[in-house]
Amino acid sequence: MTTIEGNLQGLRERIARACAQAGRDASEVSLLAVSKTFGPDAVRQAQAAGQRAFGENYVQEGVEKILALRESSPPSAPIEWHCIGPLQSNKTRLVAAHFDWVQSVDRFKIAERLSEQRPEGLPPLQVCLQVNVDGGLTKSGVAPGALTALAMAVSRLPNLRLRGLMCVPEPADGFEAQRALFLQARALFDQLNDAGFALDTLSLGMSDDLEAAVAAGSTMVRVGRAVFGSRPAKVTSAA
């Protein structure tokens, strides 16, 4: 068993325990392995251990990995690539052409460009809106008060499918403080569904707080360090 395979097994068990403690079925929470700064070989090891969904923060690095791994991925178990980092307008064409998901949409301009630049023949780009639930000044994300209007506008774009919300709140001390922040995102998610949006993805939680995220209703946790280990120095520019 490789280190990455063992890490994935331990992480799946950790997610299952968190679900049990929250009275949820483990099948309700999927794992997104955040592979930023790790090379194609690390992704291949995770893929061989059954992991299919990978998240990338840096667009150019992600595209290089997508291209490197495209030929080696069996058609029966393709890799699903998620762009999860802040997205600049000059990188939308690359994302629209190569990624399957974008979790960090927080402006209509970005969503509009992604829709316009999605190549013909590809399925709709799956989209989450990133919401800044705690007003962190250094965090990306749409303000809660502007979320419904953005969701309405994005849902009308032809080459996108609005799937849910993602948030990265400021670090909080302790389970209850973490859960309280995630519950703010869950409340917004429920409000949008009550308004008829039919969302199914709530992307909350990382290595240090996934238990609190699962307790608050997360359907997808984004984990890098607990899968791949400590990160090497970043060698590509931010997206």
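**Strand β1.** I started with β1, residues 30-34, and found four of its five residues buried (under 20% relative accessible area, with exposed being over 50% and partly exposed in between, for a 1.4 Å probe and protein chains only). Strands here are DSSP E runs of at least two residues and helices are H or I runs of at least four, numbered from the N terminus.

This is a predicted model, where local features need pLDDT of at least 70 and side-chain atom pairs count only at pLDDT 80 or more, while totals for chains, interfaces and linings use all residues. Residues are numbered from 1 along each chain as its sequence is written, and side-chain values use heavy atoms, leaving out hydrogens and water.

**Partners of β1.** Which strands pair with β1? I found β8 (residues 220-223), parallel to β1 and joined to it by four bridges; pairing takes at least two DSSP bridges between two strands. In that pair, L31 sits opposite V221. β2 (residues 53-56) also runs parallel to β1, with two bridges, and there A33 faces F54.

**The crossover.** I followed the chain from β1 over helix α2 (residues 40-48) to β2 and got a right-handed β-α-β unit. Right-handed means that this path runs clockwise when the strands point away from the viewer.

**α2 against α3.** Next I looked at α2 and α3 (residues 59-70), which pack at about 55° with axes 10 Å apart. Axes are lines fitted to C-alpha atoms, for helices over the stretch in contact, and angles run from 0 to 180 degrees between N-to-C directions. That angle makes the two helices oblique to each other (under 35 degrees is roughly parallel, over 145 roughly antiparallel, 65 to 115 roughly perpendicular, the rest oblique). On the α2 side, P40, V43 and R44 make the contact, and on the α3 side K65, A68 and L69 do; contact means heavy atoms within 4.5 Å.

**Q47.** I stayed in α2 for Q47. Buried or exposed? Q47 counts as buried because its relative accessibility is 10%. Leaving aside residues up to four places away in sequence, Q47 touches R52, F54, S73, P74, A77 and I79.

**Two positive phi values.** I noted T37, not a glycine, with a positive phi of about 70°. T37 is in the loop between β1 and α2, and is buried at 17% relative accessible area. A198 is another non-glycine with positive phi, near 55°. A198 lies in the loop between α7 (175-194) and β7 (201-203), and its 62% relative accessibility makes it exposed.
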